[in-house]
Amino acid sequence: MENLLGLMRVRIHRGINLAIRDVTTSDPYVVVRMGKQKLKTRVVKKNLNPEWNEELTLSITEPILPITLHVYDKDIFSLDDKMGDAEIDIHPFIDAVRKRYKNIPSGTIITKIKPSRQNCLSEESSIVWENDQVVQNVFIRLRNVERGEIELQLQWIDIPGSKGV
């Protein structure tokens, strides 16, 4: 892959106050997409505040595409119900990675992104230099649904021999 810039680890921590899609609860899972890549978490049964704590890894290539999240309720005898979606613009994150920070203290905030109508953030998100890596903790408000948020973290992984950022 000549256009491979590196990898992005997406840690899906948890869902918060997700929508009810069964009688009194839901069986949620998350599908993460970027271009043709598609990854998903396990199903957490009967839980509106599921804890996945799963790490999914995406290959980042040019052109840089947004990450989309789709949350579903797992059903056995019918199609899975939609529980909302969100999109994450990773350009600010990639811009921070491209700066190639060195010799700065762990915990240094590189930049902050405020929630707006143009993003799905439910609160301000900081891109931070942590343990010699660029990371971003994100709270995403789901769209096209009555309620729900997803907490996740983005982390950059350099690949030796890749094009790099």
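Glu-146 and Arg-21 form a salt bridge, with their closest N and O atoms 2.9 Å apart. This pair ties together distant parts of the chain: Glu-146 sits in the loop between strand 9 (133-141) and strand 10 (149-157), while Arg-21 sits in the loop between strand 1 and strand 2, 125 residues away. Glu-146 counts as exposed, at 56% relative accessibility, whereas Arg-21 is partly exposed at 25%. Keep in mind as you look around that this is a predicted model.

How many salt bridges are there by this rule? The count comes to 10. Another one of them joins Arg-98 to Glu-62, with the closest N and O atoms 3.1 Å apart. Here, too, distant parts of the chain are linked, since Arg-98 belongs to helix 1 (residues 91-98) and Glu-62 to the loop between strand 4 and strand 5, 36 residues apart. Arg-98 is partly exposed, with a relative accessible area of 33%, and Glu-62 is partly exposed with 32%.

Next, find Arg-9 and Glu-55, whose side chains meet in a salt bridge at 3.3 Å, N to O. Arg-9 lies in strand 1 (residues 4-16) and Glu-55 in strand 4 (residues 51-61), 46 residues apart. Together with Arg-11, these two residues are linked in a network of salt bridges.

Now turn to the open sheet, which has 4 strands in the order 3-2-5-6, paired antiparallel. Strand 3 (37-40) and strand 6 (81-88) stand at the edges with a single partner strand each, so one side of each has no neighbour in the sheet. From one strand to the next, the twist averages 20°. Strand 2 (residues 28-34) is joined to strand 3 by 4 bridges, and Met-34 stands opposite Gln-37 in strand 3.

An aromatic pair is described by the distance of the ring centres and the angle of the planes. By this rule there is 1 aromatic pair. The rings of Tyr-29 and Tyr-72 have centres 5.6 Å apart and planes at 25°, so the pair is stacked. Tyr-29 is in strand 2 and Tyr-72 in strand 5 (residues 67-73), 43 residues apart. Tyr-29 is buried, with a relative accessible area of 7%, and Tyr-72 is buried with 18%.

Finally, visit Ser-125 in strand 8 (residues 125-130). Is Ser-125 buried or exposed? Ser-125 counts as buried, at 1% relative accessibility. The side chain of Ser-125 reaches the backbone oxygen of Asn-137 at 2.7 Å. Beyond its neighbours within four places in sequence, Ser-125 has contacts that include Thr-111, Ile-113 and Val-138.

Technical notes: Residues are numbered from 1 along each chain as its sequence is written. This is a predicted model: local features need pLDDT of at least 70, side-chain atom pairs count only at pLDDT 80 or more; totals for chains, interfaces and linings use all residues. Side-chain values use heavy atoms; hydrogens and water are left out. Two strands pair if DSSP finds at least two bridges between them. Helices (H or I, at least four residues) and strands (E, at least two) are DSSP runs, numbered from the N terminus. Axes are lines fitted to C-alpha atoms, for helices over the stretch in contact, and angles run from 0 to 180 degrees between N-to-C directions. Buried means under 20% relative accessible area, exposed over 50%, partly exposed in between (1.4 Å probe, protein chains only). A polar contact is a pair of N or O atoms within 3.5 Å; within protein, one must be able to donate a hydrogen and the other to accept it, and residues adjacent in sequence count only if both atoms are side-chain atoms. Contact means heavy atoms within 4.5 Å. Rings of Phe, Tyr and Trp (its six-membered ring) pair if their centres lie within 6.5 Å; planes under 30 degrees apart count as stacked, over 60 as edge-to-face and the rest as tilted. A salt bridge is a side-chain nitrogen of Lys or Arg within 4 Å of a carboxyl oxygen of Asp or Glu.
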